[in-house]
Amino acid sequence: MLLQDTARLHAAAAFVREHDSSTLLPLLLPGLRGPELESVAAHCRFAHAGLLLFPPDPGHLRDQFADCGLAADTPSQPSVVVRERLARRHHRDAAELDVRILRPRVPGLLGERRAVEVFALTVPAGSDLEPIAAHERARGHEAHLAFELEHPDPLVLRGLCTVLTRHGARPDGGGYNPHEDGTVLYFTAPRATACGYRRLELYTPGDHPDALAAHLEPDEHPGARGPAESLLHLLTGAWATQALGAFTRLHLPDAMDTEAATSTPELARRTGTRPDSLATLLRYLAMLGVVAGGAEGRDGFRLTPLGRLLRADSPDTMRPLALMYAGPFYRSFAALDHTVRTGQPAFDHLFGENHFDHFARDPELADLFDRSMSASSRMFQPLPDHPVITAAARARAPRTVIDVAGGNGELLGRILTAHPRLRGALLERPHAVEAAHRSLDAMGCGARCDYLSGDFADLPHGGDVYVLSRILHDWDDDRCREILRHCARAMPAHADLLIVERLLPADASPSLATAWDLHMMCNVGGRERTAEHYARLLADAGLELLDRTPLPLEAHVLHARKAPPEGSGSAPRPWTTPTG
């Protein structure tokens, strides 16, 4: 058996030398190719191949390393994740299992920094652990290929997990190792994998409890729920929405500190609430991770980073979204069954008019809606660096960016602030134009912007870049074609159109767009779409989708231009580009 272990170790070292991310990922995940493959390979590097060995003592392991050309003096550290997995799999006490991690270096063909990750479970001759060794050798549960994130970014980690599951990888455990201060997420590769390894690891430095909990739930998380508990958790989701809404409406986030805890009686005094009722609310919010406090809140409560997002003075505040989703849109979701039966938006059924008209006649509600749209403005952060925008900013003659239905001007302001040579124009409803004027003046770029009141038919002609940000998802296909035709008529031949939307995945993988698709159907009468769907709508309007680029919060920017005239001889251009 020791010779078998040595042969497995030798094969793993050879495998590590011969592969890199771009060649290995398509073998692990058939179907991952093109721009998506380039994006994944750019964010994570092939780090090691892992296997579990069973030496009778440390000396035998050093001999095995030497036989395979590996450093015999490689240091070891205690394993946490694999030890616990073995204990669960074999119904043993984890304290009985002495599992160590060793990572002897194995350079790639071009000298890349890689390793073989060896989990060593000491199994002395005649030990009652021998059945475990036989079982694990036969099944190779812990054999895996590991990819390490180049930068420990939680958004990138979440995005990579989404891509892996979309291509057939299945979450298969993981954990945080305090000895290394690193988080590991395991996946089972799809059956069609062509590299001989069935398990995949994503490793990122640091502790990432939210990503780990999402990955482990529900299969291996210690607190995994049964079907009844899971359904009950889903059925009470509305309580969380209203608890967050009440927390926000009562201005509790603004009365709390993120460092020092405040007693419940003091918070009640500051917010005009009953101490006992407030304590019940705060205990529930502590369960959601919005506030933190001692046992039963005896030491008071403080805001967590999650709760800080509900403060009015937070730079990235989501307070308006909490008020909107726990307010008008919460009421309309109670009539979702009406929408499913009739196709009519529940909002229209409940309030007697569409949400645009309803908000327009109520200045406070209109202001809340515009601020709630701005609360998701983090998705706009990379947009001023889009090649279309930067090319316009570098042009010899001043170029104009036209923000169509641009709300309070948040996006246009970001673009004009980043590029002082650009001019802007904003088309909106009359009340929104006033708010945009104030907002852009406050950002210091109002003097470079023109303001137009009107509808899509009033689009100004002659712009250089037209922007439709979160507009098309408000409408059905016929209205989208009409809007896009207005754009095509207004656009000169050289002009570019940028469309910001969330994209439905082509498969059934989890996505924010899927949730927003339901929201748009219920409250607006619109829908989210796939990239292919948008390409068809653009083609119907005489426009051509050239490429798409990811944005934060699972949004994308689609780049389109007027389609070349038929018979012009222009070759078709691809509309997918690298997403890295």
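Is R470 buried or exposed? In this predicted model, R470 has a relative accessibility of 11% and therefore counts as buried, the cut-off for that class being under 20%. The residue sits in the loop between β14 (465-469) and α24 (477-490). Its backbone also deserves a look: R470 is not a glycine, yet its phi is positive, at about 55°. For context, most residues other than glycine have a negative phi.

A405 belongs to the loop between β11 and α22. Its relative accessibility is 21%, so A405 counts as partly exposed.

Attention can now turn to the second largest pocket, which holds about 830 Å³ of space. Its lining is made up of 46 residues, and those closest to the centre of the pocket are F356, F369, M373, I471 and D474. By residue class, the lining of this pocket comprises 20 nonpolar, 13 polar and 13 charged residues. Several helices and strands each supply at least two lining residues: the helices are α15 (319-325), α19 (355-360), α20 (363-374), α22 (410-418) and α25 (512-523), and the strands are β11 (400-404), β12 (423-428) and β15 (496-502). The greatest contribution to the lining comes from α20, with 5 residues.

Elsewhere in the model, there is an open sheet to explore. The sheet contains 8 strands with mixed pairing, and their order is β2-β3-β4-β1-β5-β8-β7-β6. At its edges lie β2 (76-78) and β6 (170-177), each of which pairs on one side only. From one strand to the next, the twist averages 25°. Within the sheet, β7 (residues 182-188) and β8 (residues 199-205) run antiparallel and are joined by 7 bridges. As a handy point of reference on this pair, F187 stands opposite L200 in β8.

Methods
Residues numbered from 1 in each chain as written. Predicted model: local features only at pLDDT ≥ 70, side-chain atom pairs only at ≥ 80, totals over all residues. Heavy atoms only, no water. 1 Å grid on protein atoms, 1.4 Å probe; cavity = no way out; pocket = protein on both sides within 12 Å on 5 of 7 lines; lining within 4 Å. Points joined across faces, edges and corners; volume = space filled by probe spheres on them. Helix = DSSP H or I, 4+ residues; strand = E, 2+ residues; numbered from the N terminus. Nonpolar A, V, L, I, M, F, W, Y, C, P; charged D, E, K, R; others polar. Buried < 20%, exposed > 50% of the residue type's maximum accessible area, 1.4 Å probe, protein only. Pairing = 2+ DSSP bridges. Axes fitted to C-alpha atoms, helices over the stretch in contact; angles between N-to-C directions.
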